[in-house]
Amino acid sequence: MIKISPSLLAANITRLGEEIGKIEHCADMLHIDVMDGHFVPNLSFGVPVVAGIKKAAGLILDVHLMIDNPLRYIEKFSVAGADVITVHIEAPDDAEECIRLIRSLGKKAGIALNPDTPPQKIAHLAGKIDMALQMTVFPGFGGQSMERQAVDNIRVIREIIGADTDLQVDGGIYAENCAELTSRGANVIVSGTGIFGQPNPAAAVRVLRERAEEGAAL
Ligand code: DX5
Ligand code: ZN
């Protein structure tokens with residue numbers, strides 16, 4: 001099933017509630033990027049932002065942790081209201097331990113890979129995760145162009161995780177290029193600039209979904 005997860009990073013942060021209101025009725029999840037200035041060279045949202053959004057919005061909160069020591073923060077994000085918590089395979093903390101902790105808290109666990117990380121690095125986690133996240137840009141910033149290597153990895157990741165686990169793609173995704181990703185096996189589309197950077201974010205969600213479904217049917 002195709003799911004659309006708009007990335008809050010591209011929203012107008014002075015009006016977050018209003019921005020979320022624009023897509024709440026048509027999106028499946030809300031993607032919240034957490035950066036620590038170490039794992040990626042940028043800072044973004046933290047626990048209080050997730051807690052605030054949880055009170056204000058009814059969407060599933062899809063929290064992408066681009067941080068060095070996720071084990072230290074998983075429980076805090078869980079309490080704040082994260083529904084899906086994704087950690088990076090490149091982070092120093094043990095990924096399997098992170099996944100066990102996330103699931104023990106009753107949340108869905110995701111494992112993310114950077115564009116240049118070999119897909120086999122997550123092979124030992126197949127069957128233990130709810131979602132894989134193939135980054136289609138190097139993490140840290142919105143508005144970048146998609147990396148070809150990452151697109152080529154999607155089929156391999158789908159084979160590794162099997163048909164029943166979600167496969168998310170994140171970075172540089174717009175209506176024009178999203179069918180290529182779903183034709184290769186991705187089913188959860190994250191888009192920041194492609195949604196909140198558009199004049200009508202709800203219309204952008206609808207078009208992305210249409211294109212994604214067309215790609216999945218190929
Ligand atoms: C990048 C983030 C993405 C980002 C995508 O590090 O993980 O979620 O918001 O932004 P766009 O869709 O603008 O490339
Ligand atoms: Zn993200």
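Predicted model: local features only at pLDDT ≥ 70, side-chain atom pairs only at ≥ 80, totals over all residues.
Reader: What makes H31 count as buried or exposed?
Author: H31 has a relative accessible area of 0%, and a residue is called buried when that value is under 20%, so H31 is buried. As for its place in the fold, H31 is found in strand β2.

Reader: Why is the pairing of H31 and H64 called a polar contact?
Author: The side chains of H31 and H64 are joined at 3.3 Å, and the cut-off for a pair of N or O atoms is within 3.5 Å, so the pairing of H31 and H64 is called a polar contact.

Reader: How do you know which side chains have an N or O atom within 3.5 Å of an oxygen atom of ligand 1?
Author: The distances can be taken one by one, and each is set against the limit of 3.5 Å. For the side chain of T193, an N or O atom is 2.5 Å from an oxygen atom of ligand 1; for the side chain of D170, the corresponding distance is 2.7 Å; and for the side chain of H31, it is 3.3 Å. Each of these values falls within 3.5 Å, so T193, D170 and H31 each make a polar contact with ligand 1. As for the covering of the ligand, ligand 1 taken alone exposes 380 Å², and the protein buries 100% of that.

Reader: Where does ligand 1 sit, and which residues come nearest?
Author: Ligand 1 sits in the largest cavity. There are 20 residues around ligand 1, and those that come nearest are S7, G140, D170, G192 and T193.

Reader: Which strands each supply at least two residues of the shell around ligand 1, and which gives the most?
Author: The strands β2 (29-35), β3 (60-66) and β8 (188-191) each supply at least two residues of that shell, and β2 gives the most, with 3 residues. Sorted by class, the shell around ligand 1 has 11 polar, 7 nonpolar and 2 charged residues.

Reader: What makes V156 count as partly exposed?
Author: V156 has a relative accessibility of 30%, which again is between 20% and 50%, and therefore V156 counts as partly exposed. V156 lies in helix α5, residues 148-161, and its C-alpha atom is separated by 16 Å from that of I89, a residue 67 residues apart from V156 along the chain.

Reader: How do you know whether K55 is buried or exposed?
Author: The relative accessible area of K55 is 76%, and a residue is exposed when this value is over 50%, so K55 is exposed. K55 lies in helix α2 (residues 47-56); K55 and A80 are 25 residues apart in sequence and 9.4 Å apart in space, C-alpha to C-alpha.

Reader: What makes E176 count as buried or exposed, and where is its place?
Author: With a relative accessible area of 69%, E176 is over the limit of 50%, and therefore E176 is exposed. The place of E176 is in the loop between β7 (166-170) and α6 (178-183).

Definitions and conventions. Residues numbered from 1 in each chain as written. Chains lettered and ligands numbered in written order. Heavy atoms only, no water. Near = heavy atom within 4 Å. Polar contact = N/O pair within 3.5 Å; in protein donor to acceptor, adjacent residues only side chain to side chain. Areas by Shrake-Rupley, 256 points an atom, 1.4 Å probe, with all protein chains shown as cover. 1 Å grid on protein atoms, 1.4 Å probe; cavity = no way out; pocket = protein on both sides within 12 Å on 5 of 7 lines; lining within 4 Å. Sits in = over half its atoms within 2 Å of the grid points. Helix = DSSP H or I, 4+ residues; strand = E, 2+ residues; numbered from the N terminus. Nonpolar A, V, L, I, M, F, W, Y, C, P; charged D, E, K, R; others polar. Buried < 20%, exposed > 50% of the residue type's maximum accessible area, 1.4 Å probe, protein only.
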